[in-house]
Amino acid sequence: MRKQLLTLALGGVLATGCTDTVDDCADRTSGTICTFMGTGKAGLGHDGDGPLAVQLYMPQDLTFGPDEQPYILDWNNHRVRTVDPDGSVRTVIGTGELGDAPDGVATETRLNHPTHVSFAPDGALILSAWHNSKVARVDLTNGSIKTICGTGGRSYFGDGGPAHDAVLDLPVATVFDSQGRMIIADQGNQRLRRVDHEGNIDTIFGPDKTWLDASQAWVCPDGASPGDMACKVCKAAEASDAACEGQPRMRPVGFAGDGASAPEARMFTYFSQAAAPAGRIAIGPDDTIYLADTGNHRIRKMTKDGTVSTVAGSGPASFDKEYAGGYGGDGGPATAAKLKQPRDVALGADGTLYIADTDNHCIRAVAPDGTIRTAAGVCGSKGDAGDGGPATAALLDRPHGVEIGPGGALYIADTQNHRIRIVHP
């Protein structure tokens with residue numbers, strides 16, 4: 001093993017960080033934070049480098065596969081990368097160049113900001129090709145990639161029919177339930193959608209395809225009348241994606257549904273062309289789905305019977321798009337705490353729920369008894385410091401992703417520090 005240590009000056013004190021191999025990094029003291037991957041500087045990086053020598057560019061998330069290897073979403077490099085057992089970095093999907101995510105060889109396809117990886121029951125890698133508005137399947141045995149959901153258009157269409165003909169809008173993450181069905185966090189459409197064993201797709205959180213909120217109205221351009229095409233509202237129940245090209249459409253943005261059934265639920269995850277990834281999901285062994293309801297500054301859950309509730313965050317009781325979130329509540333009930341733009345969730349083996357509290361620059365943890373604490377970072381303060389010391393004294397910069405690795409270590413996509421960091425259990 002290579003024993004090349006990183007050093008970091010913290011307030012005049014020299015603290016050792018992690019070594020440049022996965023195994024060495026796993027040997028650190030409980031509660032210590034260190035860098036697992038990345039140099040802290042944005043760049044394309046080179047395959048074959050060690051994880052501490054390779055550059056990343058705004059990594060979004062990571063997932064561990066059945067082989068216990070990490071798969072890192074190197075977001076602004078449009079790639080998925082891994083660290084092989086010999087300690088070298090390798091690209092699994094993408095060329096590093098922007099593209100439309102065509103089917104073919106995974107390392108030759110060009111992606112547009114991928115955000116998440118999950119694994120199907122048969123071991124296939126499932127990629128959320130976010131800005132491509134596709135979900136793709138990668139066969140790791142032969143290196144092929146094939147789109148399994150989404151046409152590449154950005155709209156809402158296809159419920160009740162084949163997933164490969166459906167239209168998504170910024171699919172940000174996927175999970176699989178105990179029956180092997182794929183659930184998609186369809187960020188721009190403000191919905192969770194599910195693909196069944198026959199390959200058909202439907203909405204399971206949020207309204208169905210017949211929804212149109214009559215209380216909302218689009219403002220027509222100056223000089224236009226409500227009958228003009230410029231004022232047309234498209235919905236999937238009436239028109240194809242092509243017919244709606246360039247036309248505004250209603251999205252069920254809001255906050256509603258706690259204590260009620262999933263079709264009545266409303267979330268707020270961003271949908272414009274300039275939107276950042278938001279609204280990732282996790283699933284428990286009892287098929288409870290946990291959702292980072294980013295714009296409502298809450299973590300929500302949907303149980304197997306479809307009941308929705310809030311598990312963390314105390315945003316306004318009714319929808320308020322101007323509410324900016326905040327920080328507070330550690331040591332008390334998670335439902336009374338304040339969050340700020342949470343974007344990801346992960347579930348520990350003991351039932352602890354970890355939250356990427358992105359705009360608070362920290363990771364929060366909700367214990368099985370419902371109390372909340374800070375697990376990493378100094379909430380409200382951003383920076384890039386602390387390796388080799390306690391995780392709760394370290395500084396992060398807008399972490400977008402959180403994951404629990406083999407053995408219970410907490411992995412953090414420290415996005416704007418261009419690093420993956422690890423907190424040892």
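Which handedness does the disulfide of Cys362 and Cys379 have, given the torsion about its S-S bond? The torsion about that bond is about 100 degrees, so the disulfide of Cys362 and Cys379 is right-handed. The model is predicted, and the mean pLDDT of the protein is 88. The protein contains one helix and 27 strands, and 57% of its 425 residues count as buried.

**Disulfide**

- One disulfide is present in the structure.
- The bond runs from Cys362 to Cys379, with an S to S distance of 2.1 Å.
- In general terms, a disulfide is a covalent bond between the sulfur atoms of two cysteines.

**Individual buried residues**

- Cys149 has 0% relative accessibility and therefore counts as buried, the cut-off for this class being under 20% relative accessible area.
- Thr294 is found in the loop between strand E18 (289-293) and strand E19 (298-302).
- The relative accessibility of Thr294 is likewise 0%, so Thr294 counts as buried.
- When residues up to four places away in sequence are not counted, Thr294 touches Phe268, Thr269, Tyr270, Ala278, Gly279, Gln341, Pro342 and Arg343.

**Overall architecture and surface**

- Among the contacts in the protein with a separation of 6 or more, 47% are between residues 24 or more positions apart.
- The accessible surface of the protein comes to about 16,600 Å².
- Carbon and sulfur atoms account for 51% of that accessible surface.

**Model confidence**

- A pLDDT of 70 or more is reached by 84% of the residues of the protein.
- Over residues 19-24 the pLDDT stays under 50, and the model has 19 contacts for this stretch beyond four places in sequence.
- Residues 214-221 also have a pLDDT below 50, and this stretch has 13 contacts in the model beyond near neighbours in sequence.

How values were computed:
Residues numbered from 1 in each chain as written. Predicted model: local features only at pLDDT ≥ 70, side-chain atom pairs only at ≥ 80, totals over all residues. Heavy atoms only, no water. Disulfide = S-S within 2.5 Å. Buried < 20%, exposed > 50% of the residue type's maximum accessible area, 1.4 Å probe, protein only. Helix = DSSP H or I, 4+ residues; strand = E, 2+ residues; numbered from the N terminus. Contact = heavy atoms within 4.5 Å. Areas by Shrake-Rupley, 256 points an atom, 1.4 Å probe, with all protein chains shown as cover. pLDDT = per-residue confidence, 0-100.
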